Amino acid sequence: MSATIGLQNEQDILVINNLRMHFAVQHGFLRGVHHYVKAVDDVSLVMRRGETLGLVGESGCGKTTLGRCIVRIYQPTAGEIFYRAANGDRVNLAQLDRKELRPYRHELRMTFQDPYSSLCPRMTVRDIVGEPLRINRICQGRELEDRVATVLQRVGLRQEHMRRYPHAFSGGQRQRVGIARALVLEPRLVVADEAVSALDVSVRAQILNLMQSLQRDFDLTYLFISHDLSVVEYIADHVAVMYVGKLVEVAETSELYHHPKHPYTEALLSAVPKPDPRMRSKRIVLQGDIPDPGNPPPGCYFHPRCRYARERCHEDTPELRDVGNGHIVACHFAEELSLSGVTALARTG
Amino acid sequence: MSNDILLEVKGLKTHFPLHEGVVKAVDGLDLAIKRGSTLGLVGESGCGKSVTAFSILQIVGRPGRIVEGQILFQRQVQCEEGVFQMSEIIDLAALNPRGPQMRAIRGSEIAMIFQEPMTSLSVMHTIGFQIVEAILLHRHISQREAREMAIKMLRRVGLPKPAEWFDAYPFQLSGGMRQRAMIAMALVCQPSLLIADEPTTALDVTIQAQILELMRELQREEGMAVMLITHDMGVVAEMCDEVAVMYLGEVVEYGDVDSVFHNPLHPYTKALLHSIPRLGGSKEKELEPIEGMVPDALNRPSGCPFHPRCAAMSSRACAEVHPSMVRMEDGQTVRCVLYEHVGEPMI
């Protein structure tokens, strides 16, 4: 990617360079390191302020691990995460220790995947949403309660919900509590991990609209992690596609959806069932499962499932490169292949 | 009942009497599935889709039970000569859930694929054992023949090296492979009706595409009917011939897939279709969510159950009168006051 020094551009809020997160798999009596699972392997990304970057891929491809590295739940194995803080400081989050990270913790927040297991069942909503304020010693007592009430109202919950426990809420309401917990510290960047995957279609639309209006009001930057391509198309400005720990394609949303340059992206798009019986088409069905990130195939990781694979793909690992218009792709034959994207569907009903 | 109808559900009511009151999970449901066709059952969670499936198989968990209605299953009876076929209609709702007749049908003539392949397979037994068990329950063949049949079926559903995976435990399989094993178990007795409850919800899109493709292929070869329960409108559009939209335990709209998607009548169907983001759709248009959520099952709204969330709620009648199902000109049926004077009432 272009930004090797990081954050030269005023609009960039976060620049990731060659980030790696390898987990050691221990084995045997002496707990010796058996091999490494390369959950995130050499990922470089740029996030611009006020925009939404969608991160898509199959389960087990490292999407969540990447999100967790950004908010520093994990200490990355290698690489840089440059962040432009609210006061204008530029810091490399990957290098900071716990104490140094503290001033930035409230600027980078995360909402978690499962609204059922990510809220403590023994805490009231007031305690759940107020906990970040208390821990960061921002406020307490009456003032804390007021702030919690304000943020709950903003996410579409009522003040009297403060005294209730999570079990009294539906999935959509729980997701709102999770969003309130992330927003109460007035963050600048939110990593939303599968924010709507566990929700019903109708409630999903409510939460997506809420997230968009919050983004406008608070000038938020989102990293929107999802495996649902139609949701990502709706909410994201740029989309990054991940496969077995590596990025395979990054582009502006409509460019990526209409003119994919990587065979994996093409297959993903083709696999999404289209909600229109007149659009039934021959799908590209990828054979086999996603490879084990502890033991990926040689060459291009995608070649065993790729229908365009040639000799070179078996040995050479393709690098990410710009093929014009900021469309970045890791495929040897990106220019030669003519892949099909989505065709516009008319709204019906 | 005409000959091409395989299963007809009439006025089915499955209730759960609890301390707090009676949960009417299914409340007056009418459905029909044609031989060899695919019926999609859609709706939000909590609208009674799964309970409908459980009722058909008579496996509703306690304290739930079928309190009213009929489930007519038209089975083909092969006569001794093998050529002449007779059809016989049985009311599944009237059978004893533990009786021999129901047990002979369940898993053999009507099979089911469950939502979560991890929780619905036994973790204590190999997948081979579980499939063989299903065969031996319904067929009088030897253990070895059953094993061969199971391996053949595993190969049919696209499990690589079926003889090796035969002795694997479910935890050793990936999600997609588990779902394939589940399908193999359901299809091994060649059912005439397969009920698939959210068969691909827990899977990735690429694996989902593989499984849907497989189901379609097997259906074509076996000629079985499929009842596909899902909340994913995309899956319905790809797979189904007919669609029934459910809301709070009853069908609110029913029709062939093209009319339901291109000419939805009921405000709930319209709202469902408007609330999903479409691949390749325009971004500027905000999604229109359905306001509120599915009401508490203990506290059903009066009149039309959808009226508190309905954008088209027009008259007082919506809050007072429970609309009846009417048939429109093209055969689509709908339950809404807007159409009560347009359509022809159903008996």
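**Strand pairing, helix packing and the A–B interface**

In chain B, strand E11 (residues 326–327) and strand E12 (residues 333–334) run antiparallel and are joined by two bridges. B:Val326 faces B:Val334 of E12(B) across this pairing. The model described here is predicted. It scores ipTM 0.81 and pTM 0.85.

Both E11(B) and E12(B) belong to an open sheet of nine strands. The strand order is E6-E7-E8-E3-E9-E10-E12-E11-E13 in chain B, and the pairing is mixed. Strand E6 (110–113) and strand E13 (344–345) of chain B form the edges, each pairing on one side only. Helix H7 (residues 175–187) of chain B lies across E6 and strand E7 (193–197) of chain B. The direction of H7(B) makes about 170° with that of E6(B).

Confidence in chain B averages a pLDDT of 87. Of the residues of chain B, 96% reach 70 or more. Within chain B, strand E3 (residues 38–42) has the highest confidence, at 95. E3(B) is also part of the nine-stranded sheet, placed between E8 and E9. The lowest confidence in chain B falls in helix H3 (residues 117–120), with a mean of 75. Where pLDDT is low, predicted coordinates should not be read in detail.

Chain A contains an open sheet of four strands. The order is E2-E1-E4-E5, and the pairing is antiparallel. Strand E2 (32–48) and strand E5 (90–92) of chain A are the edge strands, each with pairing on one side only. On average, neighbouring strands of this sheet are turned by 20° against each other, direction ignored. Strand E1 (residues 12–27) and strand E4 (residues 78–84) of chain A run antiparallel and are linked by five bridges. A:Arg20 stands opposite A:Ala78 in E4(A). Helix H1 (residues 63–70) of chain A packs on the sheet. H1(A) touches E1, E2 and E4 of chain A, and its direction makes about 70° with that of E2(A).

Two helix pairs within chain A were examined. Helix H3 (residues 125–135) and helix H4 (residues 141–154) of chain A pack at an angle of about 120°, and their axes are 10 Å apart. H3(A) and H4(A) are therefore oblique to each other. Their crossing is right-handed. H3(A) contributes A:Arg126, A:Val129, A:Gly130, A:Leu133 and A:Arg134 to the contact. From H4(A) come A:Leu144, A:Glu145, A:Arg147, A:Val148, A:Val151 and A:Leu152. By class, six residues of this contact are nonpolar, one is polar and four are charged.

The second pair is helix H5 (residues 171–183) and helix H6 (residues 201–218) of chain A. Their axes come within 10 Å and cross at roughly 15°. H5(A) and H6(A) are therefore roughly parallel to each other. This crossing, too, is right-handed. On the H5(A) side, the contact involves A:Gly171, A:Gly172, A:Gln175 and A:Leu183. They meet A:Val203, A:Gln206, A:Ile207 and A:Leu214 in H6(A). The contact of H5(A) with H6(A) has four nonpolar and four polar residues, and no charged residues.

Between the chains, 42 residues of chain B are in contact with 41 residues of chain A. Four helices of chain B each give two or more residues to the side that touches chain A: H8 (205–222), H9 (233–239), H10 (257–262) and H11 (267–274). H8(B) supplies the largest share, six residues. On this side of chain B, 18 residues are nonpolar, 13 are polar and 11 are charged.

H8(B) also takes part in a helix packing between the two chains. Helix H9 (residues 263–271) of chain A packs against H8(B) at an angle of about 55°, with the axes 8 Å apart. That angle makes H9(A) oblique to H8(B). The crossing of H9(A) and H8(B) is left-handed. A:Ala267, A:Leu268 and A:Ala271 are the contact residues from H9(A). Their counterparts in H8(B) are B:Val205, B:Thr206, B:Gln208 and B:Ala209. Five residues of the H9(A)–H8(B) contact are nonpolar and two are polar, with no charged residues.

Definitions and conventions. Residues are numbered from 1 along each chain as its sequence is written. Chains are lettered from A and ligands numbered from 1 in the order in which they are written. This is a predicted model: local features need pLDDT of at least 70, side-chain atom pairs count only at pLDDT 80 or more; totals for chains, interfaces and linings use all residues. Two residues are in contact if their C-beta atoms, placed from the backbone, lie within 7 Å. Ala, Val, Leu, Ile, Met, Phe, Trp, Tyr, Cys and Pro count as nonpolar, Asp, Glu, Lys and Arg as charged, and the others, Gly among them, as polar. Axes are lines fitted to C-alpha atoms, for helices over the stretch in contact, and angles run from 0 to 180 degrees between N-to-C directions. Angles under 35 degrees count as roughly parallel, over 145 as roughly antiparallel, 65 to 115 as roughly perpendicular and the rest as oblique. A crossing is left-handed if the near helix is turned anticlockwise from the far one by less than a right angle, and right-handed if clockwise. Two strands pair if DSSP finds at least two bridges between them. pLDDT is the predictor's confidence in each residue, from 0 to 100.
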